[in-house]
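Subject: Structure handover and notes

Hello,

Here is the structure I promised to pass on. My notes follow below it.

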Amino acid sequence: MINVDAEIYREFKCKADKCNHSCCKGWEIDIDDDTLIFYDSLDTKLGKEIRKNIDRENDNSFILTNDKKCPFLKDDGLCRIIQEMGEDGLCDICRLHPRFFLDIDNYSLAGVGLSCERSCELLAKKEKLLFVIDDEEKVDLAKLLELLNIDEPNLILNNMDDVNLEKMLNIFYKTEPIDDNWKREVLYIRENYKSLEKIDLSKYNVIYQYIIFRQLNKFRKLGINRIIKYAKYSIAYIILSDILNGDFIEAVRRWSEQIEYNEDNVAFVIDSL
């Protein structure tokens with residue numbers, strides 16, 4: 001396999017207790033089989049506590065607290081399992097998040113998901129989206145698509161003329177909400193948004209290309225043009241949220257956790273376009 005890493009994949013390091021949106025809150029935490037066997041073998045006080053906090057009737061997941069936190073997330077924002085056992089004590093989902101991997105032919109692509117604020121911060125600093133091939137060559141998205149034998153679409157976000165904002169907002173409103181606030185946020189944008197004319201789209205081009213990259217494993221089933229359309233409608237939502245709320249990083253992160261971290265929502269958006 002030829003390894004292709006997004007540049008920010010290599011730069012990523014968890015913010016831990018400095019993060020404003022801990023991935024240890026609000027998400028179901030499934031425990032993989034190998035880690036479950038390891039936890040069952042631990043003859044320690046922590047091992048006993050871990051076993052008490054596993055829901056074995058529902059996919060072997062941690063039993064979250066009443067406020068939807070991992071039971072081993074401390075008040076200072078740090079993980080007790082890491083502190084006592086190191087990262088080797090984590091289940092796969094905790095050890096790997098927010099990393100993702102896509103296999104296309106003989107290429108293995110790696111990136112970090114944008115529901116993580118650190119991923120968004122790293123990407124926001126980039127003037128160009130770059131990928132590292134087998135620790136040697138750096139290429140842009142156009143070259144990556146060429147290597148994957150994907151016909152190169154227009155990768156420069158120079159206009160939004162083909163995006164129907166009202167349609168986009170209706171679609172996003174109907175996605176399965178991650179929490180009680182999502183629909184209110186979409187309604188706020190619907191009631192206050194204005195045209196995207198005269199918006200400096202260059203600010204959003206790297207994010208736009210990264211959204212395309214995240215969905216490349218679907219190109220044979222869907223075709224690259226449908227992925228492009230999904231990316232343009234997604235970036236339209238991000239732009240409106242950024243304009244109205246004045247927080248670019250949060251606009252990207254919030255869109256990501258609602259849409260691209262729910263495969264059903266991704267499919268719904270694409271099917272609705």
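Which residues are linked in a network of salt bridges? They are Asp179, Glu185, Glu250, Arg253, Arg254 and Glu257. Please keep in mind throughout that this is a predicted model.

**Salt bridges**

The count of salt bridges comes to 29. Aspartate 179 counts as partly exposed because its relative accessibility is 29%, between the limits of 20% and 50%. Arginine 254, at 9% relative accessibility, counts as buried.

A salt bridge also joins glutamate 260 to arginine 214, where the closest N and O atoms are 3.8 Å apart. Glutamate 260 is in the loop between H13 and helix H14 (263–272) and arginine 214 is in helix H10 (residues 205–214), so this bridge ties together parts 46 residues apart in sequence. Both glutamate 260 and arginine 214 are buried.

Glutamate 263 and lysine 218 form a salt bridge too, with 3.3 Å between the closest N and O atoms. Here the partners are 45 residues apart in sequence: glutamate 263 lies in helix H14, and lysine 218 in the loop between H10 and helix H11 (219–222). Glutamate 263 is partly exposed at 45% relative accessibility, whereas lysine 218 is buried at 17%.

**Helix H12 and the cores**

Helix H12 covers residues 224–245. At 1.5 Å a residue its 22 residues should span 32 Å, and the end C-alpha atoms are 31 Å apart, which agrees. The helix is mostly covered, with 16 of its 22 residues buried. Just after H12, glycine 246 has a positive phi of about 70°.

Serine 234 is one of the residues in H12. Its relative accessible area is 0%, so serine 234 is buried. Leaving aside neighbours within four places in sequence, serine 234 is in contact with Phe172, Ile211 and Trp255.

The largest nonpolar core has 70 residues. Those that touch the most other members are Leu109, Leu144, Tyr210, Ile212, Phe213, Leu216 and Ile235. H12 supplies the largest share of this core, 12 residues. Another core, of 16 residues, lies apart from the largest one and has Ile29, Ile31, Leu36 and Leu42 among its members.

Serine 256 is placed in helix H13. This serine is buried, with 0% relative accessible area. Beyond its neighbours within four places in sequence, serine 256 is in contact with Leu114, Ser115 and Tyr261.

**The sheet**

Five strands make an open sheet in the order S4-S5-S1-S6-S7, and the pairing is mixed. Strand S4 (99–104) and strand S7 (137–140) stand at the edges. Each of these two has a single partner strand, so one side of each is left without a neighbour in the sheet. On average, neighbouring strands are turned by 25° against each other, direction ignored. Strand S6 (residues 130–133) and S7 run antiparallel and are joined by four bridges. Valine 132 has lysine 138, in S7, as its bridge partner.

**An exposed lysine**

Is lysine 52 buried or exposed? Its relative accessible area is 70%, and the limit for exposed is over 50%, so lysine 52 is exposed. Lysine 52 is found in helix H3 (residues 45–52). The C-alpha atoms of lysine 52 and isoleucine 63 are separated by 8.7 Å, and the two residues are 11 residues apart along the chain.

Regards

Technical notes
Residues are numbered from 1 along each chain as its sequence is written. This is a predicted model: local features need pLDDT of at least 70, side-chain atom pairs count only at pLDDT 80 or more; totals for chains, interfaces and linings use all residues. Side-chain values use heavy atoms; hydrogens and water are left out. A salt bridge is a side-chain nitrogen of Lys or Arg within 4 Å of a carboxyl oxygen of Asp or Glu. Buried means under 20% relative accessible area, exposed over 50%, partly exposed in between (1.4 Å probe, protein chains only). The expected span of a helix is 1.5 Å times one less than its number of residues. Two strands pair if DSSP finds at least two bridges between them. Axes are lines fitted to C-alpha atoms, for helices over the stretch in contact, and angles run from 0 to 180 degrees between N-to-C directions. Contact means heavy atoms within 4.5 Å. A nonpolar core is a set of buried Ala, Val, Leu, Ile, Met, Phe, Trp, Tyr and Cys residues joined through side-chain atoms within 4.5 Å.
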